[in-house]
Amino acid sequence: SEMETTTLAESGCHDYSFSQEVSNPDRLRITELWESMDALKAHFATPHMATFNAALADRPPRSMTLKVHELGAELELPS
């Protein structure tokens, strides 16, 4: 989508994707990986984010849950 492409081009964005659950097609997930909280805050101030928020306002979801997690170092999968 245009939102994905534009967001992935932002400084500090390492991953940004939309997915629909197979077992619950009414559930849409947006997964994001940002270099820092400052990079995420800058994303919220972009014109494409304003367009996205306007689209949500026109067709609001029945519910929405937002969670932010801070990740530690990437580790090797144990064998």
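Which residues are linked in a network of salt bridges? The structure examined here is a predicted model, in which local features need pLDDT of at least 70 and side-chain atom pairs count only at pLDDT 80 or more, while totals for chains, interfaces and linings use all residues. Residues are numbered from 1 along each chain as its sequence is written, and side-chain values use heavy atoms, with hydrogens and water left out.

The network in question links E21, R27 and R29. A salt bridge is taken here as a side-chain nitrogen of Lys or Arg within 4 Å of a carboxyl oxygen of Asp or Glu. In the contact between E21 and R29, the closest N and O atoms are 2.6 Å apart; in the one between E21 and R27, the corresponding value is 3.6 Å. Burial is described by relative accessible area (buried under 20%, exposed over 50%, partly exposed in between; 1.4 Å probe, protein chains only). On this scale E21 is buried at 18%, whereas R27 is partly exposed at 39% and R29 is partly exposed at 43%.

A search of the whole structure finds 3 salt bridges. Among them is the pair R62 and D26, whose closest N and O atoms lie 3.7 Å apart. R62 sits in the segment after α3 and D26 in the loop between β1 and β2 (28-34), so this pair ties together parts that are 36 residues apart in sequence. Both R62 and D26 are exposed. Helices (H or I, at least four residues) and strands (E, at least two) are DSSP runs, numbered from the N terminus.

In soluble globular proteins, nonpolar side chains tend to be buried together. Leaving aside residues up to four places away in sequence, M49 touches M3, H43 and F44, where contact means heavy atoms within 4.5 Å.

E10 is also worth a look. This residue lies in the loop between α1 (2-8) and β1 and is buried, with a relative accessible area of 14%. Not counting residues up to four places away in sequence, E10 touches W34, H43, T46 and H48. E10 and L40 are 30 residues apart in sequence, and their C-alpha atoms are 9.7 Å apart in space.
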